Amino acid sequence: MKPFTQVEGRAYPFGRTNIDTDVIIPAEFLKTISREGLGEGAFKTVREEAGNVFDDPAYAGATVLIAGDNFGCGSSREHAAWALEDMGVRVVIAPSFSDIFSGNVFKNGILAAELPQEAIDRLIEVAADGLEITVDLENQVVTTPFQDRFEFPIDTFRKECLLAGRDEIGLTLESDAAIAAFEQKMTAQRGWMAPQAK
Amino acid sequence: MSEPRTLYEKIWDAHIVERRDDGTCIVFIDRHLVHEVTSPQAFEGLRVAGRTVRRPDLTLAVPDHNLPTTARRDAAGKRVPIADPMSAKQLEALEANAPAFGIRYIDDAAPEQGIVHVVGPEQGFTLPGCTLVCGDSHTAAHGALGALAFGIGTSEVEHVLATQTLLLKQSKTMEIRVDGTLGFGVSPKDVVLAIIGKIGAAGGTGHVIEYTGSTIAEMSIEGRLTVSNMSIEAGARAGLIAPDQKTFEYLKGRPLAPEGSDWSAALAWWKSLPSDEGAAYDTCVALDAADIAPNVTWGTSPEDVVPITGSVPDPESFDDQSKRAAAAKSLDYMGLAPGQRMEDVTVDNIFIGSCTNSRIEDLRAAAEVAKGRKIAEGIKQALVVPGSGLVKRQAEEEGLDRIFIEAGFEWREPGCSMCLGMNPDKVPPGQRCASTSNRNFVGRQGPGARTHLLSPAMAAAAAVTGKLTDIREMMG
Ligand code: SF4
């Protein structure tokens, strides 16, 4: 995983609420057995709209996506995170995210930063002018060229992992002995939990 | 005495392997269901890192999303090739990965094959008090048996395969209490639609919902599965219902359920699981069963719910600006006008199926309506898709297939079918579908498809009249 420290770049002033993962990546694109190339199908239905932000040359190469409340709701498909990654998006900023979605993007080295609606409105204004937004994870702050400064909360564990670009599985396997001890305890206490083939 | 705990807290506490300072826990996972769509990249990841599956014995794989619902074997018993090469590739990947990693695999033509969330409970793979995950958000369904069950993404699938654990933080708890007797024609689907309509599509975010109250207690296990299944549509990652006598009776004798002295030991633990008297929830919501009518959705979010006797709302009637904009967009997509009566909405397609409503009770409810009737002239496609091969077999033993076929429905092989546009069963662009599935999102049933969510009986009624119909009038 790529370490995440600071991202400076243009942003898509998207702003819509309740954007579900079917919108981020429609089901027809899920039939892949690889993680790459999904950017092509990203936001397909939105991109059919004339004047949509994703095809507007003013935002070409944007690395930040500014969205509305409850972003990433619906299906748990991680393809949504892969699609964003493939589009080059490294940060999504919204008032709230669905739980599964924020976990999924995090695992792919993308930051999901929560900011209140007023901050979102302001960032959309700035982004709409094609100006760059800076997201600094170390200091947990989003800034604009106009001295706007919005601090966002983030779980310390996630922050550390993102900063270090750490692989979660490797990290968990460091606790292998604890997992093995738990399994032993389970066999003793709830041995019936392991299904027997009949 | 220790503090009174909720069902969720008891299951959570019983599965902590390690707690980190910031509250993140390594949580042991007892059950892992795997299907073809969200697993190939996880297996690929294991291979690349040279890792194995830690507990293949706790893992069960079954294909469902991509499978066409037409015959899978020809007369000679040979596999019927799948036309879509991408679908075929995903299915082949699962078929190869399962044995390569030592995982139990239910093959596409096995009688036990079906939608993961129908198969888990049916096989007794899902048990009260277990932690169960699957790379699919409707995993919440299994909570109906008192399992802490939730959907995970592919990286987490890989994490569970490699470590049999997940890194999680404890969720908040929400009690949704439904009391009273459901009226005639009102089904569990209407209950859960009413709940989502009330708390909203994000109402349960960050929470695990526990459904309580006399209405839930009275409900069959299959009805509870329907309710818990849609927890995710209210934003909650998991739903739970306390295991009770009905749960135990449902599970006893299922192929993968414990037996003999194991059964007694399990039972003793399961009985200790229901929330303690006085246990506190972070949020409580109450509904009265008497207020719940047969419901339908009008928009493109499952929270867009109205009773069948209602009409399409005016987007201007919503308080907040973003809701108004969303509603206007929904209506445009749905081809509906404010004030239009739901009962005047004509439909082109009928879908009875999905992990929400494809079990035997669902099929019986729909068949009761279809019996002796014919589907309306204008209906272009009417599918009945059992949730598993075992449901299909039972329905056929009861003669339900004949009822459906005589009424003009198509009787299909088990799978996800028209619930999502991944297999050949799709709603064509611009057409309208009365669907027993769980999501009315833009493009969910195929690009441009317009979905109205409703119960199996209501779907059958819509098939007969060709428009959304109040089941109480038709059957009352
Ligand atoms: S039936 Fe629909 S919701 Fe259920 S698992 Fe299949 S695609 Fe997902």
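Guide: Let us begin with the surface of chain A. Chain A exposes about 7,900 Å², of which carbon and sulfur atoms supply 47%. Such areas come from the Shrake-Rupley method with a 1.4 Å probe, and for residues only the protein chains shown count as cover. This is a predicted model, in which local features need pLDDT of at least 70 and side-chain atom pairs count only at pLDDT 80 or more, while totals for chains, interfaces and linings use all residues. Residues are numbered from 1 along each chain as its sequence is written, chains are lettered from A and ligands numbered from 1 in the order in which they are written, and side-chain values use heavy atoms, with hydrogens and water left out.

Visitor: What is the extent of chain A, and how many helices and strands are there in it?

Guide: The C-alpha atoms of chain A fill a box of roughly 65 × 40 × 25 Å along the principal axes. Chain A has 8 helices and 8 strands. These are DSSP runs numbered from the N terminus: H or I over at least four residues for helices, E over at least two for strands.

Visitor: Which domains does the assignment give for chain A?

Guide: The assignment gives domain 1 (6-166) and domain 2 (167-198); domain bounds come from an automatic or database domain assignment. The C-alpha centres of domain 1 of chain A and domain 2 of chain A are separated by 36 Å.

Visitor: Why is A:N70 called buried?

Guide: Buried means under 20% relative accessible area, exposed means over 50%, and partly exposed lies in between (1.4 Å probe, protein chains only). A:N70 has 3% relative accessibility, and therefore counts as buried. The residue is found in the loop between β3 (64-66) and α3 (79-87) of chain A. In chain A as a whole, 57% of the 198 residues count as buried.

Visitor: What makes B:S417 buried?

Guide: The relative accessible area of B:S417 is 0%, so the residue is buried. B:S417 lies in the loop between β17 (410-411) and β18 (432-435) of chain B. Phi of B:S417 is near 50°, again a positive value in a residue other than glycine.

Visitor: Is B:G335 buried, partly exposed or exposed, and why?

Guide: B:G335 has 41% relative accessibility, so it counts as partly exposed. This glycine lies in the loop between α11 (321-334) and β15 (349-352) of chain B. Leaving aside neighbours within four places in sequence, B:G335 is in contact with B:R432 and B:R450, where contact means heavy atoms within 4.5 Å. B:G335 and B:M230 are 105 residues apart in sequence and 25 Å apart in space, C-alpha to C-alpha.

Visitor: How do you know that helix α4 of chain B is mostly covered?

Guide: In helix α4 (residues 116-123) of chain B, 8 of its 8 residues are buried. Among them are B:V116, B:H117, B:P121 and B:E122. The buried residues of α4(B) pack against several elements of chain B, including β3 (31-34), β6 (131-134), α8 (221-229) and α13 (389-397). After α4(B) comes B:G124, whose phi is positive, near 75°.

Visitor: What makes chain B as compact as a globular protein of its length?

Guide: Chain B has 16 helices and 19 strands. Its radius of gyration is 22 Å, close to the 23 Å that the globule rule gives for 476 residues, so chain B is as compact as a globular protein of that length. The radius is taken over C-alpha atoms, and the rule is 2.2 Å times the number of residues to the power 0.38. The C-alpha atoms of chain B fill a box of roughly 60 × 55 × 45 Å along the principal axes, and 64% of the residues of chain B count as buried. Among contacts in chain B between residues at least 6 apart in sequence, 76% join residues at least 24 apart.

Visitor: Which domains make up chain B, and how many residues of domain 2 are in contact with domain 3?

Guide: Chain B is divided into domain 1 (7-168), domain 2 (172-242 + 268-291) and domain 3 (296-475). Of domain 2 of chain B, 19 residues are in contact with 24 residues of domain 3 of chain B. The C-alpha centres of these two domains lie 23 Å apart.
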